[in-house]
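Please look at the model before reading on.

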There are 2 protein chains.
Amino acid sequence: MNFLEERIVKDGVVKPGNVLKVESFLNHQMDIALMDQIGDEFKHRFADKPINKILTIEASGIGIACSVARAFNAPMVFAKKSKSINIDGEMYVAEVESFTHKNTNQVIVSKKFLSPNDHVLIVDDFLANGCALNGLIAIVEAAGATVEGLGIVIEKGFQDGGKNLRAKGYHLESLAIVESMNAETGDIQFRVQENA
Amino acid sequence: MNFLEERIVKDGVVKPGNVLKVESFLNHQMDIALMDQIGDEFKHRFADKPINKILTIEASGIGIACSVARAFNAPMVFAKKSKSINIDGEMYVAEVESFTHKNTNQVIVSKKFLSPNDHVLIVDDFLANGCALNGLIAIVEAAGATVEGLGIVIEKGFQDGGKNLRAKGYHLESLAIVESMNAETGDIQFRVQENA
């Protein structure tokens, strides 16, 4: 197991319905030393890419993306969720369904902060069905920028998001891929990865 | 002028209605080196306090709070905004009005992450009327924890939030206090502060 898988086993809690709670260190309370380890690991895994910008989506991606941006010495941009229909033309917009909240958000990024010169690493805390990630990819591509990679902290390998994105040819790195979880025993099975 | 005031003058944009746009470096695109300078400055200003936890509110406070938490070598907790009325008793809750979005949010923090042993520095990007900050203070005090200080990046000195919090005796440090702005000329007047 790598450092993240070890931490998930130690402090993650499996809930019924394939829910993995990591709120004690990742997405409610945040362990900053762990964030910096995550940032360094993505820097290592995407070392050959000319990445000059980190993109994520509010809210729980922000802390992670800050540490990744520090590792790459690059600015970070976070997409905002908006319910408003009055977008003034200065924004890239994507529709993103949320299964957690059972609604659809507009996700927006100001056109000022993405351009055809940008080589973007998109990062987020979780990947399940891939709705949020696909929205961010659509925004980067609408800007004429390049998606250099996708960096995910925890992928739910039993949902289709990761499989579909890899099939499309994106360079997706997930630091931990959960294959299965058992809420009764608390057991978590990770996919064995070469570079993990 | 301190480093932040200089950056606001260089890259901030004044809009009609006393709106200061700092989205190129603070709350949409984020300059990580600047975040770390902000973290170090709060560490300096609250050096005599036994701070062991940083608290902020999603979304734009998170990146700042990560750098502050790094400077203090402490965990960071971000309060979540929630519209749901079904809070399960495991959460501290405060009602926070948003003037920007013209609505009221419930702001929640899990009881697991605040206890009477905690000495908390609350940080946020903006302070205007103080609604968000008062909600976070209420949550810390409901937990029996101690509010050691309030660290704000930009205070709107012409609104009452800062004045009221100082009158209540809280140790509030704002790295830049805007006294007035002129959308026609772009001019920004800062309050002169001893330690700025």
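The model is predicted: local features need pLDDT of at least 70, side-chain atom pairs count only at pLDDT 80 or more, and totals for chains, interfaces and linings use all residues. Residues are numbered from 1 along each chain as its sequence is written, while chains are lettered from A and ligands numbered from 1 in the order in which they are written.

**Interface**
- 23 residues of chain B are in contact with 23 residues of chain A (contact: C-beta atoms, placed from the backbone, within 7 Å).
- Helix 3 of chain B gives the largest share of the chain B side, 5 residues (helices are DSSP runs of H or I, at least four residues, and strands runs of E, at least two, numbered from the N terminus).
- Strand 5 (residues 76–82) of chain A pairs with strand 3 of chain B in the antiparallel sense over 2 bridges (pairing: at least two DSSP bridges between the strands).
- Val77(A) stands opposite Gln29(B) in that strand 3 of chain B.

**Strand 10 of chain B**
- Strand 9 (residues 146–156) of chain B runs parallel to strand 10 of chain B, joined by 6 bridges.
- Glu173(B), in strand 10 of chain B, is the bridge partner of Gly151(B).
- Strand 11 (residues 188–190) of chain B pairs with strand 10 of chain B in the antiparallel sense over 3 bridges.
- Ser180(B) stands opposite Gln189(B) in strand 11 of chain B.

Methods:
Two residues are in contact if their C-beta atoms, placed from the backbone, lie within 7 Å.
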